[in-house]
Amino acid sequence: GTWQISQRNLTVGEFFSYLTAAALLIDPIGHTTNNYNEFKQGEASVDRVFELLAIQPTVLEKPDAITLPSVNGKVEYCHITFAYKSGEPVLNNISLLVMPGQAIALVGASGAGKTTFVNLLPRFYDPEFGEIFIDGVNIRDVTLNSLRKQIGIVPQETIMFSGTIAQNIAFGQNIFDINAVESAAKIANADQFIQQLPEGYHTWVGERGVNLSGGQRQRIAIARAVLLNPQILILDEATSALDSESEALVQEALERLMENRTVLIIAHRLSTVRKCDRILVLEKGQIVESGNHEELLALEGRYARYYAQQ
């Protein structure tokens, strides 16, 4: 630059203008480089998203599927066989009749097929052989939306979404009544802790409900089921990961929720299923024992051994 000035090819002002322009380019170049790296990372993420979107569902509605009307809660499994891998059945020729209002518990070792058994009812999977009926209607003949609206699920691990407490309780409902949400929370023993939050039912909870305890998240899941008001209820080890104080509150809420409903319960803590109408012991995809608590203890079989171990 000095040589160009000495040769009068460049003035001092032009030289400093050049330096200023060069300096101003440094930040944009840095931003462009950073943005390019972020773009490449985003591109990889988008590829994964499109892979998921390209997956075709294995459970499909019939073209002429009907809407399942309100049900009484009679559930019938007829000769059900299911396998995740061909030739390795998880459930093998299982049949079961559950009358409206009955509570049925499924117990057994991990991998016995308990969760698979209940997941067939809302058609998360379809069995390889056999049929399932609700109030005499084959669940393959009805729309998935109308079927799943009749079934409430309280899972072992509650999925929470970024939003308010009220929105999480009313998840899946486009329009909801805040009074109905509060009533559901009271039945679920959740109203007291919600009222203590900074903004009550309008308190924002983070992804996965990180600012709530396990017991609080579980009571939110129960409130969801109460608000849905299903006639059929699935409880998948709903108290297994809780401390004794939280378990007592959740168990009390579950007993309210179970009233006058058909209930399928998966449990490792056998103390939670003593009041069930019938207890099924699953082993290697088959029902090996069936009866109420006292009857199974008298058999001195697998259930009695499980109970003695706890």
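Why does Phe50 count as exposed? Phe50 does so because its relative accessibility is 53%; exposed means over 50% relative accessible area, buried under 20%, and partly exposed in between, with a 1.4 Å probe and protein chains only.

A word on the source: this is a predicted model, in which local features need pLDDT of at least 70 and side-chain atom pairs count only at pLDDT 80 or more, while totals for chains, interfaces and linings use all residues. Residues are numbered from 1 along each chain as its sequence is written, and side-chain values use heavy atoms, with hydrogens and water left out.

Phe50 lies in helix 2, residues 12–54. Helices (H or I, at least four residues) and strands (E, at least two) are DSSP runs, numbered from the N terminus. The protein chain contains eleven helices and twelve strands.

I turn now to the hairpin. Strand 1 (residues 75–85) pairs with strand 2 (residues 88–98) in the antiparallel sense, over seven bridges; pairing requires that DSSP find at least two bridges between two strands. Opposite Leu96 of strand 2 stands Tyr77. Two residues separate the strands of this hairpin, and Gly87 takes a positive phi near 85 degrees.

Finally, the overall dimensions. The C-alpha trace of the protein chain spans about 110 × 50 × 45 Å along its principal axes. Of the 310 residues in the protein chain, 40% count as buried. Among contacts (heavy atoms within 4.5 Å) between residues at least 6 apart in sequence, 69% join residues at least 24 apart.
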